Every structure is written in C-alpha cells, then in structure tokens.
Amino acid sequence: MTAVETVSQFSGILAALEEPAAILSPDYKIIAANDAYIAHYKGSDAVVGHHCYEVSHHYDVPCDQAGESCPLRECQRTGRRQRVLHLHNTRHGEEHVDVEMIPITDNSGRVSCYLEKMQVVKEAAASPEEQGLVGRSPAFMAMLELVHRAAPSDISVLLLGESGTGKELVAQAIHQASRRKQMPFVTVECSGLSEALFESELFGHEKGAFTGAVSSKEGLVEAARGGTLFLDELGDVPLALQVKLLRLIETGTYRRVGSVTVHKADFRLVCATHKALPDMIEAGTFRKDLYYRVSAFPIPLPSLSQRGEDLALLVETLLKRIPEGSGYHLSARALEALAAYAFPGNIRELRNILERGMLLTDDNVIDIAHLPRECANRTEPLPTEQQFGCTVVPLHELESRYLAHLVSLYPRNKKQLAEQLGVSERTLYRKLTKADALMQKS
C-alpha cells in the first residue's frame, strides 16, 4: 500500500477521532494527521513528512535510541498494539501523554503503517502547578502510568509508599480521572480510631445509639455515595474492626449504629498504607481475605530519594503552594545539599525544610546556612573561581560545558554516564541536545 493510498484509506478514521492521532510509516515518518494532532503539536500542517520523534520529543533519533521505550519499535518487535506514557513537547509546553500505537496490516496481512493515538494525562503536570501531582522522573512516570490505567475503572486500588510520599494526592488524582469525578471524594483517617468511633464515623449512627448521640449522623460511607472512599493508613485498622470493613466491601451494604435498616453503599475504594501488609498477615495482625479485597490493583509510590530528577521541580512547586512562598528560591549550594540528602520524611519533610528556610532568610534566597544541619553537612564546598578556571557563567552554560567534558570521557557509553550522573538516559539525551544547540549558537 502506497503512502497516498494509506492517507486516502485512513483520512476518514483520523477525522472521526477527537483525540490527536496520526498515521506513521515504519520509518517513523508522519504520513497523515488529524486536526487535533496538528493543533496539539505544531498548530500547522508542518507535522506531515516529519519524524514523530522530531515533533513530539524534538529528538533527532527515535525514542529507543534516546533512552526511552518506543511504542512503534515495540509494535515492530511484537506485532501487537502498545501503550506507553511519555513526556511530549506540545504547544502547551511539556505534557504527560499516553501514547497508543496500533499496527495496521494490508490485504496480504503485512504491517504497512501504524495508527498513533494520543491522550494528554490530566492527572499530573511536568511543570510547577498550584495543585495536583507534579513530576517527570522515571520513578514518577512509572507510578503515573499505573494511576492513568487504573483510574477509569472501578477496581480497588491500594497505594503503597512511605509516609510523606503524597498518597492522598495520588488518591485524589485517581478520583479526578474517573467517571465518578463529579461526585464526592471522602477521606477516612484510619489511625487512632476506636471500635465505636470507627463504626460511627464510617457508617453513621442514629439518635440515642450511644451516650452522646444526641442526633442522627450520616457516616462517611454515605457521604461518599457515587464517589470515592479513601481509607488512609489502612494498616492501622485494628484486627477486630477489619471484619466490619470486609463485610462492607463484600456485601456493599451497611447499617448505621443503633439501626436495623440496611443501606446500599456506592463508592469506588482507594486505600493507602505505609506498612507491609503481607508481613502483618504473617504476624496475624491483618486479615488475608481483606488484603485480597483491597489490593486488586497495587500502586507503589516512589520515595523522594528515588525521584532525584524531580527535586528542583518539587522545590519550585512547593514554594508556589506555601503561603507567601512564591517570592523565594533556593541557591545553587542549597539545592546541591538537598540533592545529597536522603529525605526520610519525603515530600512532607521537604516542605518543612522550605518553610523553615523562608523564616530564616532575610533576602528571599534560601541558602545552605538556612537548611537543617543534617542537610547542610552533606555537601562539600563549591569550587572557587580559581579552582574551576573560569569566570562566573550562567548555570545552563556551565552545565553544557560540563556535559561536553564528560561526553569526551564517555563517548560511547551514555547509559553508564547517565547512571553516574543520577539521571535517566532520556534526561541525559535531552540535556545533551540542548547543550549542542547552545554550543552551536556560541
């Protein structure tokens, strides 16, 4: 099938699709694209005839040669459709995009071209935002892909991660991307609830059901009707209460405390814990049957130490979210110190550090002296001008010079270089592309 025949055959399909879509040749060329694709990436018909990786990534080689998973390459390898989460350069800036690649066969059964469909992931941003999830590191992208796949269904999700990793934000993202997004999102704090209080909070109670019940009260299950019920720190629910929770999940019904009337529950369940539930099952402190009910789709949340590439982005984001924090910024020395810190308290600890630094600084610059001792002591003094052998230069130019020097030492092993720099191969490739462009201008 020729390119002209392909365009003719699939032009109607492309036009009918609301999301950005294009037909690609086996050599990554864009043969045809619908209006949504053109508007999303270029705003003109200039995309046709270009390679897909040029348009979406601004690369000069395919994604798999730049340290990423390439859906077209995987289609060629497996002969089956592929989905992958990528970070694309669109006319709106960098955005998380769910890419679906579908092989198209001709009359002889041979793959002649590929249908590429795009869906912008609204659950997270790759730049500082006032609310929601923010990130771009490989660990964050892996988590986000699971969130995006689980959100449209009603499957029970179990969020697993250390304290301070943002489990409630992830739960809210799942809710906002679901068909229940117009309905309530209700959080149940499981820590510290006694048996009587747990039942009353979850199921509600009738007037006179117990001492102090001076009126009837709606429970959180009822408040979440049609929406999402988020059970935070599920591992803290006492064993005696777990059977009541299991009954709610299995039967989809509940009764208010002091009532014999059975009510029908209607919610999507999302749970979170920082505890190792399988270990608790072995110890006899968590029910195995409840575990299998809540863990249909587990999503591990990365710690901040696993998201090194996101640190500067998270700092900028948190300063935007902290009241009166938008006028502050970190010095290069302070950022270097934080990059070497383990962050046992994760993002919550980072926010505390920034709030502390805002109070200690007098000129809106949070420097290394304004950091807690455990952070500040982990960095070595920056090289002096004499040691570095140059005058003060812009940071992006300094980075470009440094990368050029490193590439001369590792000309053929970009993967090893990326590992030693603590970044992904994709990020290194992107930085090298920018460095080359800068060197050509100078």
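## E199 and K244

In this predicted model, E199 comes out as partly exposed, with 22% relative accessibility. K244 counts as buried, at 18%. The two side chains meet in a salt bridge, at 3.7 Å from N to O. That pairing links distant parts of the chain: E199 sits in helix 7 (residues 195-203) and K244 in helix 9 (residues 239-251), 45 residues apart.

There's also a network to look at: D154, R179, R180 and D266 are joined into one by salt bridges that share partners.

## R81 and E100

Here's another pair to click on: R81 and E100 form a salt bridge, and their closest N and O atoms are 2.6 Å apart. R81 is in the loop between helix 4 and strand 3 (82-90), while E100 belongs to strand 4 (residues 93-105), so this contact ties together parts that lie 19 residues apart in sequence. R81 counts as exposed at 51% relative accessibility, whereas E100 counts as buried at 16%.

## E74 and R77

Now for a pair within one helix. E74 and R77 form a salt bridge with 2.8 Å between the closest N and O atoms. Both residues are in helix 4 (residues 71-78), and because they are three residues apart, about one helical turn separates them. E74 is partly exposed, with a relative accessible area of 24%, and R77 is exposed at 57% relative accessibility.

## The overall count

Searching the whole structure turns up 17 salt bridges. As a general point, oppositely charged side chains can pair when their charged atoms come close.

Terms used
Residues are numbered from 1 along each chain as its sequence is written. This is a predicted model: local features need pLDDT of at least 70, side-chain atom pairs count only at pLDDT 80 or more; totals for chains, interfaces and linings use all residues. Side-chain values use heavy atoms; hydrogens and water are left out. A salt bridge is a side-chain nitrogen of Lys or Arg within 4 Å of a carboxyl oxygen of Asp or Glu. Helices (H or I, at least four residues) and strands (E, at least two) are DSSP runs, numbered from the N terminus. Buried means under 20% relative accessible area, exposed over 50%, partly exposed in between (1.4 Å probe, protein chains only).
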